[in-house]
Amino acid sequence: MVNEHRRSVVLQERMETLFKKAEELSVLCDVEIGIIVFSPDKKNAVYEWPSRDKFKQLLMRYLDKPLVERLKKLTTNEMFLMKEMDAKMKIIEQQKTEEKEMEQLFSQLYLGEKTVFDLDKRQLIGVRNLAIKAKEKAVKRRIQLKLQDQRLSSPINRIQLRVAPLNVQDERLQLPVEDPLALRLAPLNVQDQRLQLPVDDPLALRLAPPEN
């Protein structure tokens with residue numbers, strides 16, 4: 001925020017919200033919490049909660065403990081994110097394993113190797129969810145195929161074709177001779193000297209009507 005006054009107001013509002021949440025957490029979990037906020041404001045550079053004296057007492061009691069004990073339950077932001085990511089990965093792996101199990105059970109039910117009476121509650125719910133997903137995929141696939149058929153069966157009315165009769169001289173079809181890749185189109189029953197491209201051009205293409 002460029003406006004210093006607005007930035008100071010927002011900081012004060014956010015700190016009040018933070019201190020309120022810290023007080024609720026302290027009461028609910030019966031823990032001691034101390035917060036210190038460094039502000040760019042020169043007048044009030046540091047904010048302590050719940051108060052400066054209580055924060056200093058809490059900090060000194062924490063520093064008096066041995067380093068090993070302090071680090072025992074220390075959690076940094078990186079450590080917290082790594083734990084969260086590991087927990088999410090475990091959940092994903094469990095879901096994949098369960099999906100494979102449900103696919104195998106679904107196949108056994110389809111082949112008649114098992115019946116629904118052989119499954120427990122968890123397996124029944126998993127097979128039902130798998131069947132619902134398979135049905136949704138089939139419906140989506142059927143809609144896609146229907147749209148493709150509609151596109152293929154629709155008339156070609158967006159492509160404009162220019163067709164000229166072979167026995168009519170059309171100057172618009174004549175390309176410049178200087179272009180080595182030029183291709184001249186002319187009636188097949190008319191002798192036209194302009195069809196002869198230079199012989200020394202390696203890319204020249206000679207087109208002439210067949211002799212009668």
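Reader: Which residue meets Arg 122 in a salt bridge, and how should I read such a pair?

Author: Side chains of opposite charge can pair when their charged atoms come close. In this predicted model, the side chains of Arg 122 and Glu 101 meet in a salt bridge, with 3.0 Å from N to O. The pair links distant parts of the chain, since Arg 122 belongs to helix α5 and Glu 101 to helix α4, 21 residues apart. Arg 122 counts as partly exposed at 41% relative accessibility, and Glu 101, at 28%, counts as partly exposed as well.

Reader: How many salt bridges does the count come to?

Author: The count comes to four salt bridges, and one of them is formed by Lys 133 with Glu 99, where the closest N and O atoms are 3.9 Å apart. This pair too links distant parts of the chain, with Lys 133 in helix α5 (residues 121-153) and Glu 99 in helix α4 (residues 77-111), 34 residues apart. Lys 133 is partly exposed, its relative accessible area being 44%, and Glu 99 is partly exposed at 41%.

Reader: What separation is found between the C-alpha atoms of Glu 99 and Gly 126?

Author: The C-alpha atoms of Glu 99 and Gly 126 are separated by 7.8 Å, although the two residues are 27 residues apart along the chain.

Reader: Which residue does Glu 32 meet in a salt bridge, and which parts does that pair tie together?

Author: The side chain of Glu 32 meets that of Arg 61 in a salt bridge, at 2.8 Å from N to O. Glu 32 lies in the loop between α1 (4-29) and β1 (35-38), while Arg 61 lies in helix α2, so the pair ties together parts that are 29 residues apart in sequence. As for accessibility, Glu 32 is exposed, with a relative accessible area of 55%, whereas Arg 61 counts as partly exposed at 45%.

Reader: These helix and strand names keep coming up, so how many helices and strands are there, and in what order do the elements run?

Author: The protein chain has five helices and two strands, and from the N terminus on its elements run α-β-β-α-α-α-α. Of the 212 residues of the chain, 13% count as buried, and the cut-off to keep in mind here is that buried means under 20% relative accessible area.

Reader: How should I read a pocket, and how much space lies in the largest pocket?

Author: Rolling a probe the size of a water molecule over the atoms shows where empty space is left. Here the largest pocket holds about 610 Å³ of space. The elements that give two or more residues to its lining are α2 (52-64) and α3 (67-72). The lining has 13 residues, and among them Tyr 62, Lys 65, Arg 70, Lys 73 and Leu 74 lie nearest the centre of the pocket.

Reader: How do the residues of that lining divide into nonpolar, polar and charged?

Author: The lining of the largest pocket divides into four nonpolar, two polar and seven charged residues.

Reader: Which residues make the nonpolar surface patch?

Author: The patch, of about 630 Å², is made by Leu 59, Met 60, Tyr 62, Leu 63, Leu 67, Leu 71 and Leu 74. The elements that give two or more residues to this nonpolar patch are α2 and α3, and the largest share, four residues, comes from α2. Take Met 60, whose place is in helix α2: Met 60 is partly exposed, with a relative accessible area of 47%.

Reader: Turning to the backbone, is the peptide bond from Trp 49 to Pro 50 cis or trans, and what is the phi of Asp 30?

Author: Most residues other than glycine have a negative phi, and most peptide bonds are trans. The peptide bond from Trp 49 to Pro 50 is cis, with omega near 10 degrees, and Pro 50 is placed in the loop between β2 (46-49) and α2. Asp 30, although not a glycine, has a positive phi of about 55 degrees. Asp 30 sits in the loop between α1 and β1 and counts as exposed, at 70% relative accessibility.

Terms used
Residues are numbered from 1 along each chain as its sequence is written. This is a predicted model: local features need pLDDT of at least 70, side-chain atom pairs count only at pLDDT 80 or more; totals for chains, interfaces and linings use all residues. Side-chain values use heavy atoms; hydrogens and water are left out. On a 1 Å grid over the protein atoms alone, a cavity is a set of points where a 1.4 Å probe fits but cannot get out, and a pocket is an open set with protein on both sides within 12 Å along at least five of seven lines; lining residues have an atom within 4 Å of a point. Grid points are joined across faces, edges and corners, and a volume is the space filled by probe spheres set on the points. Ala, Val, Leu, Ile, Met, Phe, Trp, Tyr, Cys and Pro count as nonpolar, Asp, Glu, Lys and Arg as charged, and the others, Gly among them, as polar. Patches are made of residues with over 30% relative accessible area and no salt bridge: like charges are joined within 9 Å, nonpolar side chains (Val, Leu, Ile, Met, Phe, Trp, Tyr) within 5 Å. Accessible areas come from the Shrake-Rupley method with a 1.4 Å probe; for residues, only the protein chains shown count as cover. Buried means under 20% relative accessible area, exposed over 50%, partly exposed in between (1.4 Å probe, protein chains only).
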